[in-house]
Amino acid sequence: MPSPIRAGAWASPAGELEGHPVVGPDEDAFTLAVAALEALPTVAASPGVSVRTVGEFEPGVEDDLAAALGLPPSAVRPPVPRVSFGAALSEAAGQEAPSLLVAIDERAIGGAGSAPAGALALGFGGPDGARLRSHRTVPGDPSVMGMGGGSGSPSSSSGVVRLDHGPAVEPGGPPSVGLSGLRAALTGSVGPSVTLVDLAPEGLWIGELDLRPSASWSPASPAGAIFRWESPSAFAGRPARRPPTVSEGAYVPRATYRAERASRWRFAAERCPRCGARTFPKRGACSTCGNAEGLTDELLPRTGLAVEATTVVHRGAQPSEFDRQVEVSGEYEVLLARAAEGVRVTLQVADVPPGAISIGDRIDARLRRLIPMEGEWRYALKAVPSRDGAVPA
Amino acid sequence: MTRRRAALIGAGHTKFGVLPDGPRALLRQAVDGAVASVDRGVERSAIGEAFLGTLGFAGWQLGNASAVLAEEARLPGVPVTRVENACASAGFALRSGVQAIESGARDVVLVVGLEKMNDAPSTRRRYWLGVSGDTEWERMAGLTFAGVYGLMASAYLTEHHADPDALAEVAVKNHENALANPNAHLRKRITREEAKASPLVADPLRLFDCCPVSDGAAALLLAGEEVAKRFTDTPVLIEGTGAGSDALALQDRASLTKLAATRRAADEAFRRSGTERRSVDLLEVHDCFTIAELLALEDLGFAPAGEAAALELSGATRIGGALPVNPDGGLKAKGHPIGATGASQAYEAFRQLRGEAGSRQVKGARRALTHNVGGSGASATVTLFAAV
């Protein structure tokens, strides 16, 4: 059993992590980034918002991030190779419209290191966003300055946070971005304003970041969120980052899967103006009356869904494409939950031991990694115990 | 009722189990058996058309399998149509055969069900075992049919506060019945305690709640009612068939504990045959998992909602009980070669209604019902048979 990680919005008034125990063999750069960004709903919902990434993302992640967040594809910028955290942060903070920065630290993925890993998101602009008061870059080679390397331990004395850098995830790749230093700032141990020092390839980047610029700031609309691995052992036995190109199992064509991302990742349904019924997943026509005109998109709730049926799929009863998951993590639970009047969803359970969820319980749906198919990872919403308790769906 | 009716004049059945024979040999054995069973004989040239029910498990001859049946049945030039409705393939092939005769298009029709499942490695078998479920959503959550029926069982037991011992009892009964069926895959008596102690597969379903993975084939010869007497003095009349469909995925169905496709199929079969449920002497129902037998009894109209469990525990469904269910051992113990099952059920009806079922004979059986389900309930067909 992998160790739990804790994840949640960092910015509660007391400065603690609002912890939520999860196990993470089905988490990766993409799911962590989505979780971090979803913790900043106010900024993410701002008109004209743009999103930037730092870290080891797969090519094309911008399209998937946009789909997962319900943003137009152009809102998420393609990853910039070898971009430093400081440079990306300056760029994000310099936008006129609200913007989001999401950084991923994947050093522990694939068993490459012992440092914690996770994703962090910062929101800029609007009344609640963080503000970069000033920044400058001191030219020079960090390795010559004697400050490079992968100690993994941040210095956070006197409000100065050094962003630790680790070894490359892949041989010859860029150094990874360390987030534990910034996390120390965000969790409040060094106060709402922080000096960040980043050992960027172009030199020493120094920035003054104000994390709570507004008097109207509230925990409901935090400027930053962090998702961190509690222990790298959660990654033990993980498959390689790149999935096999040949998949053994039932086939959902890539184009079909991608066209359904809004339903798979955000519970997008269609509401029929003629009969009022909902159709999930979206199919372009009402499944009750057949009407195909004037259907409106509706996001089904993703929290507090009531469980109507459960089963634990034991070793050998899984579809063959789940063999690897069973090998690594053992048996798993699958349930049916009611998402809305007339709409049920089928979800695999994550984070808790199989059998932990029963009929009548409430669950939340979180985006997680599922299985490799046709040379890429497939993702889906999975069920975790509801944090909202008994909320009517 | 003035419509022409169809009758069974012969039926053949291979052994079910892990067999050395390949698909062609199984087809040949089943068809030869059916031809040999016709009391006064039948020339193959009399067969005007054939229907083949098969999934093509593990990828066997996914296209144009019909031609293989024409070859192995020695029916050169005869039109053959392959029917695929997952586990209900042969049930729907039978329905097509019945319709060909009822319509007057043909006088003699061959219907065959086939599946060869044990010649693929286990990974490939598990790949194929769920292919008739909803691939895009159910399977992507990690479910095969054991998991889907596990969900239905959990909902059923909770909704009706049903005694879970009823699941084990279905397994015990069907294993007991299979002891008297020389064609059955699992011929081993089990106890309720053994069933309840068997390993979990998809809880609450355990290993002994699941049908085995079987090879096998069954063949049926149908003739128009008025020509049937040329071939035998004791044809078995097909009084009516019914069929229905439902959403592919469980999440899209109105109920988790009722199969709408079965209900529609049963209602149609009874309506077309003009018979009533109380006149049925035995049922052959689709018990791919023990929970499916409970659901079938309710959906077919032989037990009120939630009461099938008590009916099973009362012993009424055993041979010699008031309503024998699956006297041949059912899918559970006789075995379930996916595409063969619907034809195998009709074979049992043929034997029972002619009094040829040996030590598993239901005494005085005059009317039988067969019930064949595709997937977890996306399709279903019901057929009513009567002794003449």
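1. In chain B, the side chains of B:Arg354 and B:Glu356 form a salt bridge whose closest N and O atoms are 3.0 Å apart. This is a predicted model, and the values in this note are computed from it. B:Arg354 counts as buried, because its relative accessibility is 15% and the cut-off for buried is under 20%. B:Glu356, at 34%, counts as partly exposed.

2. Salt bridges occur elsewhere too: a search of the whole structure finds 47 of them over all chains. One of these joins A:Arg258 to A:Asp63, with 2.4 Å between the closest N and O atoms. A:Arg258 belongs to helix H6 (residues 254-259) of chain A and A:Asp63 to helix H3 (residues 61-69) of chain A, so the bridge ties together parts that are 195 residues apart in sequence. Both ends count as partly exposed, A:Arg258 at 21% relative accessibility and A:Asp63 at 23%.

3. Chain B has a salt bridge between B:Arg272 and B:Glu102, where the closest N and O atoms are 3.2 Å apart. Here helix H9 (residues 260-273) of chain B supplies B:Arg272 and helix H3 (residues 89-102) of chain B supplies B:Glu102, so parts 170 residues apart in sequence are tied together. B:Arg272 counts as partly exposed at 29% relative accessibility, whereas B:Glu102 counts as buried at 16%.

4. Chain B also holds a network of salt bridges. The residues linked in it are B:Asp165, B:Glu169, B:Arg192, B:Lys196 and B:Arg318.

5. Two helices of chain B deserve a look as a pair. Helix H6 (residues 165-178) of chain B packs against helix H10 (residues 290-299) of chain B at an angle of about 100°, and their axes are 8 Å apart. At that angle H6(B) is roughly perpendicular to H10(B). From H6(B), the residues in contact are B:Ala166, B:Leu167, B:Val170, B:Ala171, B:Lys173 and B:Asn174. They meet B:Thr290, B:Ile291, B:Glu293 and B:Leu294 of H10(B). Sorted by class, this contact has 6 nonpolar, 2 polar and 2 charged residues.

6. In chain A, helix H1 (residues 29-38) is largely enclosed by the rest of the structure, because 9 of its 10 residues are buried. The buried residues of H1(A) are A:Ala29, A:Phe30, A:Thr31, A:Leu32, A:Ala33, A:Val34, A:Ala35, A:Ala36 and A:Leu37.

Methods
Residues numbered from 1 in each chain as written. Chains lettered and ligands numbered in written order. Predicted model: local features only at pLDDT ≥ 70, side-chain atom pairs only at ≥ 80, totals over all residues. Heavy atoms only, no water. Salt bridge = Lys/Arg side-chain N within 4 Å of Asp/Glu carboxyl O. Helix = DSSP H or I, 4+ residues; strand = E, 2+ residues; numbered from the N terminus. Buried < 20%, exposed > 50% of the residue type's maximum accessible area, 1.4 Å probe, protein only. Axes fitted to C-alpha atoms, helices over the stretch in contact; angles between N-to-C directions. Parallel < 35°, antiparallel > 145°, perpendicular 65-115°, else oblique. Contact = heavy atoms within 4.5 Å. Nonpolar A, V, L, I, M, F, W, Y, C, P; charged D, E, K, R; others polar.
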